[in-house]
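Subject: Structure handover

Hi,

Here is the structure I promised to pass on to you.

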Amino acid sequence: MKRLVLTLTCALMLAGCGSSVKLDEVAVEDKAGTPVGALGAGSGGAGAAGASTGAAGAGAMASQGVAPVDVTRPGSNAAIQQGPRIVYFDYDSFVIKPEFQALIETHARYLRSEAGRKAVIEGHTDDTGGREYNLALGQKRAEAVRRAMALLGVADAQVEAVSYGKEKPAVQGNDEAAMAQNRRAEIVYR
Amino acid sequence: MRLCALCLLAGLWSVPAAAQLRIEVSGVGLTQLPIAIAPFRGQDTVLEKISRIVQSDLERSGQFRGTDLVAGSLDELSRPELTAWRQKGADSLVVGSVTALADGRFDVRFRLWDLTRGQDLGGQSYAVTQADLRQAAHRIADFVYEKLTGDKGIFSTRIAYVTKVGQRYNLWIADADGENARSALASPEPIISPAWSPMGGQLAYVSFESRKPVVYVHEIATGKRRLLANFRGSNSAPAWSPDGRTLAVTLSRDGGSQLYLIDAQGGEPRRLSQSSSIDTEPVFSPDGNTIYFVSDRGGSPQIYRMAATGGSVQRLTFTGSYNISPTVSPDGKSLAYISRVNGAFRLHVMDIASGNAVAITDTSSDESPSFAPNGRLIIYATSAQGRESLTTTTLDGRVKTRLAGASGEIREPDWGPLQNQ
C-alpha cells in the first residue's frame, strides 16, 4: 500500500521520478557509488516496476541530463533485502518453526560473507494485551532469531535484536489471520 | 480514495487533540455532597465560564453533585439567603466574580459558604491572564474540595498522554480535565510509557524515533531532552523513584528483558532482577522501598514485588493468567492493574494488605492505569466503539468520565504530581 502511494505520488509530481532511483532504498548508509549501468539489478521489486510504468516518457527525461544516483550497496545486498526476511511465530510462542530455518540460514550465510554488514532483528506481536509486556514478548522473538543466527556462526556484533511490541502491526484487524501476520520477527539491513 | 484519506489525516495531526470530558455517573445510593455553584458575576464577559468549570471538576471527583440554583446575581461579597439555597438541596455554595483589570488581566474572586451552619468557609482571589482563567477555576475547585473533604484537590494538576493520528504520534501535556492540551513531542514513530518526574518538571518516556525503543528524559518547560537509556537491544518502561534521583527501566542489553536502576542523570545501569524470564513494568512504592513489576517467571505474566535494592521476590496476583501494568496508590495501600478476565482486559484494584481485588470496569481493552496524586481517581486508556480514549474513574468504579479526542487514538495516560503551590 505504501509503495502504491509512493508510486501515485511520483506519477502526480512527475519530477523525474521515472528514473530508476529507488525511492524506498535511499537511506542506505554505504557511500560507494554505483555506475548507472548497474541500476537495473534488483529492480524486480513491485515498487520499482510500478514507478517506471507510472511515468511514461521517463527515458526522455533521463536524456535531458538527469544522472540517476543509487546509493544502495552493490552486490547481493539488494537481493537479500528483497527476498524473504520475516519469521512468523505461533500465538504466545518464541519457537522458530522448521519452515523458517532455511530463511535464517540464508541471512546467516550472507552476514558471514559480509563481515562489515549489520542487521537488526525487529520483534513484533499481535495487538492483544499491554504495550510494555508486548514489547518484552517481541524482544523474545527477536532474541530467538538472533540466537539462531549466532549458532550459525554470525558474529554477535553484526546483529542487534530489538522490539516494536504491538506498535507496528504488519496488517490491521484483530481476526486470527491478521494477528498471525503480526506475530513476527523481521530481519532488517540498515 | 486512499490517497485522499491520507491527505486528510496529514492535515489533522497538528490540530491539538481538543478533548472534552463527559461525566457519566453510574451506580446508585452514592453519598455525594450537594453543592451549588452560582454563576460568577462578570463571567459572561469572558470565554471561560468559571462556575461551570468548577462544577464539572467537583462532579468528576464523584464526591460532589451540583444542585439547582436560586435566581439572582451573587458575588463573593454577597450574603446568600440560606433558606432559599437550602431548599434547592445544597449544603454548600460557591459565589464569586470575574473583573477585568487595567493591565488586561482578570481578577477572579470567590467565597465558599457552609449553608447548614451559615458559615463563611473562606475564599481567595487570583489575578490571571485570559489564558490562565481555566487554571484559576481549577484552583477554586481544589480549594472547595480540600475544605469539604479534607483531601488535596487534584484539579489543577496535569496529565500526559499520547495520540496517534494517521502515522503521527504526539505526546501531550494537558490540564487534568483534558483541556488546554499542548504538544511536548511530535514524531513519525511510536511514543509509549510517559512517566512524570516526582516534581513535575520532566517526563521520561520510550520513543522509537531511532527505529528501536530508547528511553528519554524530557524537560517540559524548555523541550530539552536527554537520552537516559540507549543500550543495545530494547530500552523501555521508565519509572521514577519518589526522590527523583533514580529510574527503574527494562533493558534487554544482557539478553532477556530485565529490570535495572539508572541514575536520573544517566550513567551505567545496575541490574536489579536476575531471571531468565521477562521482568518489566517496574514501579516504585511511594516510600521508595519496594518495586512492583510484571514477570512471566511462573509461566504467565503476573505482578510481583521486591525490595528496591533487589533480592527476594514475592508474587501478588494469583487469579487469572494475565496480570500486568501495576501502579501503586499514593498511600501505598492499593494496587491498580490490568487483568484478563474471560478474554477481556479490565482495570482492577487490589487492597494490598488483604490481597482482595475487584474489577472496576466492564470494558474489554483497558490499559495503562495511573493514580491521581490524591489517590481518589485513576486515569486509564480504554477502547469504546473501536476507538481508544481515556477515562477517569473513582476507585469503586462508580463515577467515570470519558476523555475523547477530536480525532485519532488517545492512549498511555500518566497523571502528574500536585503542582507546587
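A word on terms to begin with: helices (H or I, at least four residues) and strands (E, at least two) are DSSP runs, numbered from the N terminus. The model is predicted, so local features need pLDDT of at least 70 and side-chain atom pairs count only at pLDDT 80 or more, while totals for chains, interfaces and linings use all residues. Residues are numbered from 1 along each chain as its sequence is written, and chains are lettered from A and ligands numbered from 1 in the order in which they are written.

**Chain B overall**

Along the principal axes, its C-alpha atoms fill a box of roughly 70 × 50 × 45 Å.

For burial, I count other C-beta atoms within 10 Å of a residue's own, with C-beta atoms placed from the backbone: 20 or more is buried, 12 or fewer is exposed, and in between is partly exposed. Of the 421 residues of chain B, 49% count as buried. Two residues are in contact if their C-beta atoms, placed from the backbone, lie within 7 Å. Among contacts in chain B between residues at least 6 apart in sequence, 44% join residues at least 24 apart.

**Cores**

A nonpolar core here is a set of buried Ala, Val, Leu, Ile, Met, Phe, Trp, Tyr and Cys residues joined through C-beta atoms within 7 Å. The largest has 109 residues, and B:A204 and B:V249 are among those with the most contacts inside it. Helix α4 (residues 133–149) of chain B gives the most to this core, with 8 residues. Another core, of 19 residues, lies apart from it and includes A:V145 and A:A185.

**Where the chains meet**

How many residues of chain A are in contact with chain B? There are 18, and they touch 28 residues of chain B. On the chain A side, α1 (2–13), α6 (131–151) and β3 (159–165) each give two or more residues, and α6(A) gives the most, with 8. That side divides into 8 nonpolar, 4 polar and 6 charged residues. (Ala, Val, Leu, Ile, Met, Phe, Trp, Tyr, Cys and Pro count as nonpolar, Asp, Glu, Lys and Arg as charged, and the others, Gly among them, as polar.)

**A sheet in chain B**

Strands count as paired if DSSP finds at least two bridges between them. An open sheet of 4 strands runs in the order β22-β23-β24-β25 (chain B), with antiparallel pairing. Its edge strands are β22 (323–328) and β25 (357–359) of chain B, each pairing on one side only. Strand β24 (residues 344–351) of chain B is joined to β25(B) by 3 bridges, and B:V349 has B:V358 in β25(B) as its bridge partner.

**Two loop residues**

B:R245 sits in the loop between β14 (235–240) and β15 (246–251) of chain B. Why is B:R245 partly exposed? Because 13 other C-beta atoms lie within 10 Å of B:R245. Leaving aside neighbours within four places in sequence, B:R245 is in contact with B:D263 and B:A264.

B:G255, in the loop between β15 and β16 (258–263) of chain B, is also partly exposed, with 14 other C-beta atoms within 10 Å.

Best wishes
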